[in-house]
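Me: I'd like a close look at a single part of this chain, with its neighbours and then its wider setting. Could you take me through it in one connected answer?

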Amino acid sequence: MERRKIIIDTDPGQDDAAAIMLAFASPAELDVLGLCAVAGNVPLSYTSRNLRIVCELCGRQDAAIYEGASKPTVRPQVTAEHVHGRTGLDGAELPEPMMPVRSTHAVDFIVETLRSEPVGTVTLCTLGPLTNVALALQKAPDIAPRVRELVMMGGGFFEGGNITPAAEFNIYVDPEAAKAVFASGIPIVMMPLDVTHKLLTTKARVGKIAALGTGPAQVLVDWLAFFERFDIEKYGSDGGPLHDPTVIAYLLKPELFSGRDCNVEIETRSELTAGMTVVDWWRVSGRKPNAKVMRDVDADGFFALLTERVGRL
C-alpha cells in the first residue's frame, strides 16, 4: 500500500483524538504533513491545546500544528461542551502541552502545501467544521483540482441530525463553509451519522482497548468513558457512536465501508433545517453526484483496526 500524504483538520474532541491516534499509529500508510486546529467542539484556544496534547500522548512532539479559524465564516460560534466537557478532552488528566504551534496560519499552510506538493497527492481529512478548508478555497481557488480527495466526518441523511433534528454538528456549525466545499469539485468521501451511529463503543469493545495495558490506550478508554455518557443517555445504547476515526479508518481499510455516489447540497437559508445535508440517495433530483456518501460499515472490523493500531502507540 502506498504511503498517503494527509492533512488533518480538526477540533478535538475525544473522538477526534481517537482519529489522530489512529493516524499516528499508522506511519507506514499515512504521512501526516500537518495538523490544523479549527474552532468547533470547543473554542480554538482549546482545540489547539487539545491537538498538542494528543500529539504528545503519541510521542509526536515533532508534528507540525497550525491554528486556523476561531469562528465560522458567517454565523455566530456554536460549541459542544455539553458533549465533550469544558476543555473538549474531559475524562483524562494530562499535563499541559509543551510543544509549539507553528506561526503560519492553518489556511495558509493548506494553500502552500497543496501548491507545493504534486497535483493529486494530498488528501484532506476533516474531523470538524469545514471553515479552514472553505477559507483556503476562497483565498486560492486554484488548489481545488490539486486535492487528491477530501475525506470528512459530517452530515447525516436517514439518521437525521445530532445537534438539531436535521443537522449534524460539524455541518451545522458552519453550513456556508460546507456549501462552498461541496461545490468546489474536490472529490469528497462523506462519513455521515448513518455510518458512525453503527460504531458503538460497547463495553466489550472498549474492554479490548483497555486490555492493551498501555498508557495511550488507557487515556483513550478514559476519554471514551466521558464522551459516551452523553450519547448513552440520548440513545439508550450500549456505548456511544465513535464518529471521527471513520475518516482515518477509510484511508487504511476502505473495504470496511460501503456507500454510493450522490449529490449532496447544504441547507443554509432555513432556520428549521440549517446545516442539513440534503443527500440525493435515490437519485431523484437529476443533480450531478459530488460526493461518495457512506452508509454501511463493518463495525467489528473497524474496532479491530482501531484496537490493533492504538496498541502500537
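This is a predicted model: local features need pLDDT of at least 70, side-chain atom pairs count only at pLDDT 80 or more; totals for chains, interfaces and linings use all residues.

Reply: Let's start with strand β6, which is covered on both faces: Ile188 and Met190 on one side are buried, and so are Val189 and Met191 on the other.

Which strands does β6 pair with? One partner is β5, with which β6 pairs in the parallel sense over 4 bridges. Within that pairing, methionine 191 of β6 is the bridge partner of methionine 153. Another partner is β10, residues 291-297, which pairs with β6 (residues 188-191) over 2 bridges, again in the parallel sense. Here methionine 190 stands opposite valine 293 of β10, while valine 189 has lysine 292 of β10 as its bridge partner. So much for the two pairings of β6.

The link is a salt bridge between arginine 4 and glutamate 149, with the closest N and O atoms 2.3 Å apart.

Glycine 13 sits in the loop between β1 and α1, and the peptide bond from proline 12 to glycine 13 is cis, with omega near -5 degrees. As a point of reference for checking backbone geometry, most residues other than glycine have a negative phi, and most peptide bonds are trans. Helix α1 itself, residues 14-24, has 11 of its 11 residues buried, so it is largely enclosed by the rest of the structure. Among the buried residues of α1 are Asp15 and Asp16, as well as Ile20, Met21, Leu22 and Phe24.

Arginine 283 is exposed, with a relative accessible area of 54%. Valine 284 lies in the loop between β9 (277-279) and β10 too, and it is exposed at a relative accessible area of 72%. Together with Phe158 and Trp282, Val284 makes a nonpolar surface patch of about 390 Å².

How many salt bridges are there in total? The count comes to 17. Two further examples involve partly exposed residues. Arginine 60 and aspartate 62 form a salt bridge whose closest N and O atoms are 2.8 Å apart; arginine 60 is partly exposed with a relative accessible area of 25%, and aspartate 62 is partly exposed at 48%. Glutamate 308 and arginine 312 also meet through their side chains in a salt bridge, at 2.8 Å from N to O. Of this pair, glutamate 308 is partly exposed with a relative accessible area of 39%, and arginine 312 is partly exposed with 47%. Salt bridges with shared partners join Glu308 and Arg312 with Glu29 and Arg309 into one network.

Finally, here is the setting for all of these pieces. The chain has 12 helices and 10 strands. Its radius of gyration is 18 Å, close to the 20 Å that the globule rule gives for 313 residues, so the chain is as compact as a globular protein of that length. The C-alpha atoms fill a box of roughly 50 × 45 × 40 Å along the principal axes. Of the 313 residues, 58% count as buried. Among contacts with a separation of 6 or more, 83% come from residues 24 or more positions apart. The accessible surface of the chain comes to about 12200 Å², and 53% of it belongs to carbon and sulfur atoms.

Key: Residues are numbered from 1 along each chain as its sequence is written. Side-chain values use heavy atoms; hydrogens and water are left out. Two strands pair if DSSP finds at least two bridges between them. A salt bridge is a side-chain nitrogen of Lys or Arg within 4 Å of a carboxyl oxygen of Asp or Glu. Buried means under 20% relative accessible area, exposed over 50%, partly exposed in between (1.4 Å probe, protein chains only). Patches are made of residues with over 30% relative accessible area and no salt bridge: like charges are joined within 9 Å, nonpolar side chains (Val, Leu, Ile, Met, Phe, Trp, Tyr) within 5 Å. Accessible areas come from the Shrake-Rupley method with a 1.4 Å probe; for residues, only the protein chains shown count as cover. The radius of gyration is taken over C-alpha atoms; the globule rule is 2.2 Å times the number of residues to the power 0.38. Contact means heavy atoms within 4.5 Å.
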